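Please examine the sequence and the three-dimensional structure shown below. The paragraphs that follow lead from the whole chain to single residues.

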Amino acid sequence: MADDRSRKRSPRGAGRTRAPRGSFRVPTARVGSPAVRHRLLLTLIMVAVMALSGRLIWVQGLDASARAEEAVKQRTVTRTIPALRGDILDRNGTVLASSQERYDLWVNQLQVDTYLENSTTAEVTGIPAAAQKLAPVLGWSVTETEEALTGDRGFMYLEKNVDPAVRDAALALKIPGIGADRVAQRIYPAGSVGGNVLGFVGSDGTALAGTELTYDDQLSGTDGTTTYERGAQGQIIPTGRQETTQAVDGRDLVLTIDRDLQWKAQQVAASAADSWGATGASAVVLNARTGEVLALADYPTYDPNAPGEAPEENRGNRSISNVFEPGSTGKVFTVAAALEEGTVTLDSQYEVPYTMNFEGHRIKDALTHEDQRLTLAGVLKNSSNVGTVQISETLPPSVRYDYLKAFGLGEPTGVGLPGESAGVVHPASQWTGRTRYTTAFGQGYSVNALQMTSAVGTFANDGVRVQPRIVAGTRENDGSIRPMGEPESTRVVSSETAATMTELMDNVVEDGVSGASVPGYAVAGKTGTAQVPGGTYTASFIGFAPADDPEIVIGVFVFGLNSFISGGRAAAPAFSELMTFTLQHQGIPPTGKPARVLENEW
């Protein structure tokens, strides 16, 4: 205690520095004081104001145009105006494929509620009023329509593919948010008639097969566009930017096909296949002089209005995609080559047994027979394999190969349809063993139906092969037809050889006896039957008429026969029926010129 009391207290202000007398002291500022905080806050506010002012000057002044353009872009919408696809017509102007104008009705549900809201007489406004007006147009109930109009969707389809009359009636109601887009519905008025030729389009209008696909550039046209500014609820801003580029519709395509003849060819092909239990058939009708395809029929076929209902294998074109050995119809090319090269004549004679060896290879005829003494005409009329090989041996294989190629075999026809197979004709250097001989009578190489019909048509056109074509051209606005190029022509044999071949083939079709004969007309033709790998057979008949002044060439082919049935039985009667119809339909009269009688035996 004594010690504590004895301590001296520090004088007041001890340890502090005294200011000199006569001066004043500035108090030290503290951050936590109100004055400091106030000054700091003012400073920050001033900096913020200056930054915002600078940004405002930039946006409203220096960058105003760019910002405005960006805003326009954000509210600008571009919609497509689909072009209508061009029609496909037959040679007589009959429509086979057409695009009907249709509309997809849509609604912006956010706008409908304003319907009649400014009306002073309407008892019901908004969505209920719109539903009452629109329901009869759509054929819906008022309840269904009101449900469709109610919601917060900026875009929703109401009804697709409606008639223009329905679209006009809907838009005439002037219901806010109701609009329509033009679309095209592809239809095929003739149904399955020409289906394999025409092809079809997908639900989005994309060409998928046939002439629709090959000539899509001409048919499709060019879509247009409409561009406009829209408000927050999707409505068009009347004073905003609006630009429209109209669609350019596609061009009409005119085929060489005759609709009625095409129908008949399909009926004949179907009947031939069904009669013999075959898996399919084809029928080809050509104008002998121009190469125009008047009918190109396949069975089974399909309806291009509903392609998905048919198996995929039926939606192609067997007449050009299905290849096969021609069989005996190929004998005419061997005989023609020998005539043209001068190694045989109508006076040539052959001893023809049922079977004969050629350098160790046994060749036989289709049916057993006693030894025969046949002329050139007799070899062809009897369709003798043995006799035909004897004729072929007067020529080097390389020469026969050149003639097969000249007749258009082993090459695409260029008809203008997708999916064509060129077939196969191997070079003569590969004709080893039996092939050297079998190629003489239509085996050892493959062809398609159109190829063979066109090749035989060479004899009907004075020895000149004309490239087959199925498109005549495009139709202009004035109704005229602009051709799409001229078909190529190739002289294969002389006029003399063509005339001799016509006589020989006329000799094959015996009037009133042959199943291929046509009452009142001279017919030239040849049968064919060939076995297909797997055990089935293809039977055919190809011919032309009137034989003394040819105009029409027809080939009938029956595929998938379970047993050997000659072309004379399976195909010749169908040929006769189709040729009779064609000659009458085309108004081609008989010429009445008598055919020269040829000797078949010696």
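Helices (H or I, at least four residues) and strands (E, at least two) are DSSP runs, and they are numbered from the N terminus. Residues, for their part, are numbered from 1 along each chain as its sequence is written. The model is predicted: local features need pLDDT of at least 70, side-chain atom pairs count only at pLDDT 80 or more, and totals for chains, interfaces and linings use all residues, while side-chain values use heavy atoms, with hydrogens and water left out.

The chain as a whole may be considered before its parts. The chain contains 21 helices and 21 strands. Of its 602 residues, 47% are buried; the word buried means under 20% relative accessible area, exposed means over 50%, and partly exposed lies in between (1.4 Å probe, protein chains only). The accessible surface comes to about 30,100 Å², and carbon and sulfur atoms provide 49% of this surface. A contact means heavy atoms within 4.5 Å. Among the contacts in the chain with a separation of 6 or more, 72% are between residues 24 or more positions apart.

One part of the structure to locate is an open sheet of five strands. Its order is S10-S9-S21-S20-S19, and the pairing is antiparallel. Two strands pair if DSSP finds at least two bridges between them. Why is one side of S10 and of S19 left without a neighbour in the sheet? Strand S10 (293-299) and strand S19 (524-531) stand at the edges, and each has a single partner strand, so one side of each has no neighbour there. From one strand to the next, the twist averages 5 degrees.

Within this sheet, strand S20 (residues 537-545) and strand S21 (residues 552-561) pair in the antiparallel sense over eight bridges. Tyr537 stands opposite Leu561 in S21. The loop between S20 and S21 holds Pro546, and the peptide bond from Ala545 to Pro546 is cis, with omega near -15 degrees. Another cis peptide bond runs from Tyr299 to Pro300, with omega near 0 degrees. Pro300 lies in the loop between S10 and helix H12 (318-321).

Helices lie across the sheet. Helix H19 (residues 495-508) lies across S19 and S20 and runs at about 70 degrees to S19. Helix H21 (residues 572-585) lies across strand S9 (280-287), S20 and S21, at about 150 degrees to S21. Axes are lines fitted to C-alpha atoms, for helices over the stretch in contact, and angles run from 0 to 180 degrees between N-to-C directions.

H19 also meets another helix. Two packed helices are described by the angle between their axes and the distance between the axes. The axes of helix H13 (residues 331-341) and H19 come within 10 Å and cross at roughly 140 degrees. H13 and H19 are therefore oblique to each other; angles under 35 degrees count as roughly parallel, over 145 as roughly antiparallel, 65 to 115 as roughly perpendicular, and the rest as oblique. On the H13 side, the contact is made by Val332, Val335, Ala336, Leu339 and Glu340, and on the H19 side by Thr497, Thr500, Met501, Leu504 and Met505.

How many residues of H13 are buried? H13 is mostly covered, with nine of its 11 residues buried, including Phe333, Thr334 and Ala337. The cover over these buried residues includes helix H14 (376-381), helix H15 (385-392), helix H16 (397-406), H18, H19 and S19. Gly342 follows H13 and has a positive phi, near 75 degrees.

Positive phi values also occur in residues other than glycine. Glu359 has phi near 50 degrees and is found in the loop between strand S12 (355-358) and strand S13 (361-364). At 67% relative accessibility, Glu359 counts as exposed. Asp462 has phi near 65 degrees and sits in the loop between helix H18 (449-460) and strand S15 (464-466). At 37% relative accessibility, Asp462 counts as partly exposed.

At 0% relative accessibility, Ala130 counts as buried. Not counting residues up to four places away in sequence, Ala130 touches Val112, Tyr115, Leu149 and Ile175. Ala130 and Ile175 are 45 residues apart along the chain, and their C-alpha atoms are separated by 6.5 Å.

Note on methods:
Accessible areas come from the Shrake-Rupley method with a 1.4 Å probe; for residues, only the protein chains shown count as cover.
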